[in-house]
Amino acid sequence: MRLIGLDPGLRLTGWGVIEVEGNRLRHVAHGVVKVATTGTLAERLRDLFEGVVQVLEAQRPVEAAVEETFVNVNPGSTLKLGQARGVVMLAPARAGLPVYEYATNLVKKSVVGTGHADKNQIAMMVGRLLPGVDAKQDAADALAVAICHAHHRATARRIEAAL
């Protein structure tokens with residue numbers, strides 16, 4: 001099963017695609033959708049949407065996982081990030097994919113073992129769980145979201161089967 005993890009941002013949105021077979025994970029691809037810092041907010045959101053759509057069309061995942069918005073001190077920045085996150089969630093939903101959401105701390109805890117891991121720890125663990133992958137920053141975070149979804153998805157399926 002092919003999964004995509006998305007780490008939303010208005011300027012940089014990380015994406016990472018993995019294949020899951022049983023309890024095995026395999027890296028497929030990763031990258032960043034880059035949006036110019038110029039232009040109106042509407043134009044930037046359109047560009048973000050189109051970039052995510054292109055990734056989905058190229059990678060053909062069957063499920064998507066998106067990191068929840070981390071609320072920061074600046075309300076304006078938080079609002080813009082929320083709008084970007086909405087656009088990032090809309091792209092796979094319009095493609096007919098189920099979209100799952102995960103809190104930042106849950107992603108970190110699922111991949112690193114602690115909910116307060118830093119970006120370097122996340123990138124290092126992504127490299128361990130997906131040998132040979134050297135993803136940076138936003139792409140590593142997106143792969144971590146995909147890994148988190150794979151783990152939680154497997155657990156949910158086991159629970160469903162037991163019931």
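This is a predicted model: local features need pLDDT of at least 70, side-chain atom pairs count only at pLDDT 80 or more; totals for chains, interfaces and linings use all residues.
1. Numbering starts from 1 along each chain as its sequence is written, and side-chain values use heavy atoms, leaving out hydrogens and water.

2. The sheet is open, with five strands in the order S3-S2-S1-S4-S5 and mixed pairing. Strands (E, at least two residues) and helices (H or I, at least four) are DSSP runs numbered from the N terminus; two strands pair if DSSP finds at least two bridges between them. S3 (24-34) and S5 (99-102) are the edge strands with a single partner each, so one side of each has no neighbour in the sheet. On average, neighbouring strands are turned by 20° against each other, direction ignored.

3. S1 (residues 2-7) and S4 (residues 63-67) run parallel, joined by four bridges. Ile-4 has Ala-64 in S4 as its bridge partner. Helix H1 (residues 41-59) packs on the sheet, touching S1, S2 (12-21) and S3, and its direction makes about 150° with that of S3. Axes here are lines fitted to C-alpha atoms, for helices over the stretch in contact, with angles from 0 to 180 degrees between N-to-C directions.

4. Now Pro-92, which sits in helix H2 (residues 75-94). Pro-92 counts as buried because its relative accessibility is 0% (buried is under 20% relative accessible area, exposed over 50%, partly exposed in between; 1.4 Å probe, protein chains only).

5. Beyond neighbours within four places in sequence, Pro-92 contacts Leu-6, Leu-56, Ala-64, Leu-97 and Val-99, contact being heavy atoms within 4.5 Å. Leu-56 is 36 residues away in sequence, with a C-alpha to C-alpha distance of 7.2 Å.
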